[in-house]
Amino acid sequence: MNIGKTNEFGKIEISLEAIAKVAGDQATLVYGVVGLVNKKAFANPLSQFLKMEDYADGVSVKNGKDGYEVSLYLVLSRDVKVSEVASEIQKQVLYSLDKQFGVHFHAVNVFVLAVK
């Protein structure tokens, strides 16, 4: 599934992998984020952190009834306030996706799978 956008020149298709890479990259830049992990790694989230080319495994993009939603699956540092880091991730990711793709995202969900 791709996100389609139309302007006066034609149609633009944005891949979910591109959105995942931008969202994952912005999330990992926030202080307190140890890394992005596979969204299916609930049993053992510390087993392997994702590299940039695999960010699509740790980011989920869906078209909900209110608009597009991005979900990130992360491991955070133990020395930070989780709510503050999660809020900063939401702000940074939402801003970056809006600026780079020009598509409005309704929600940025942050799932903290572990604290390390």
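This is a predicted model: local features need pLDDT of at least 70, side-chain atom pairs count only at pLDDT 80 or more; totals for chains, interfaces and linings use all residues.
Let's start with helix 2, which covers residues 82-101. From first C-alpha to last, its 20 residues reach 28 Å, close to the 28 Å you'd expect at 1.5 Å a residue.

Now look at which side chains are tucked away. Val85, Ala86, Ile89, Val93, Ser96, Leu97 and Phe101 are buried in helix 2. If you look down the helix axis, these buried residues fall within an arc of 105°, so they line one face of helix 2. And what do the buried residues of helix 2 pack against? Quite a list: strand 1 (2-7), strand 2 (10-15), strand 3 (33-36), strand 5 (67-76) and strand 6 (105-115), along with helix 1 (16-29).

Just after the helix comes Gly102, with a positive phi of about 70°.

Next, on to Ala56. You'll find Ala56 in the loop between strand 3 and strand 4, the latter being residues 59-64. Is Ala56 buried, exposed or partly exposed? With a relative accessible area of 29%, Ala56 counts as partly exposed, because that label covers values between the 20% cut-off for buried and the 50% cut-off for exposed.

As for its neighbors, leaving aside residues up to four places away in sequence, Ala56 touches Glu17, Ala20 and Lys39.

How values were computed:
Residues are numbered from 1 along each chain as its sequence is written. Side-chain values use heavy atoms; hydrogens and water are left out. Helices (H or I, at least four residues) and strands (E, at least two) are DSSP runs, numbered from the N terminus. The expected span of a helix is 1.5 Å times one less than its number of residues. Buried means under 20% relative accessible area, exposed over 50%, partly exposed in between (1.4 Å probe, protein chains only). The arc is that of the directions from the helix axis to the C-beta atoms. Contact means heavy atoms within 4.5 Å.
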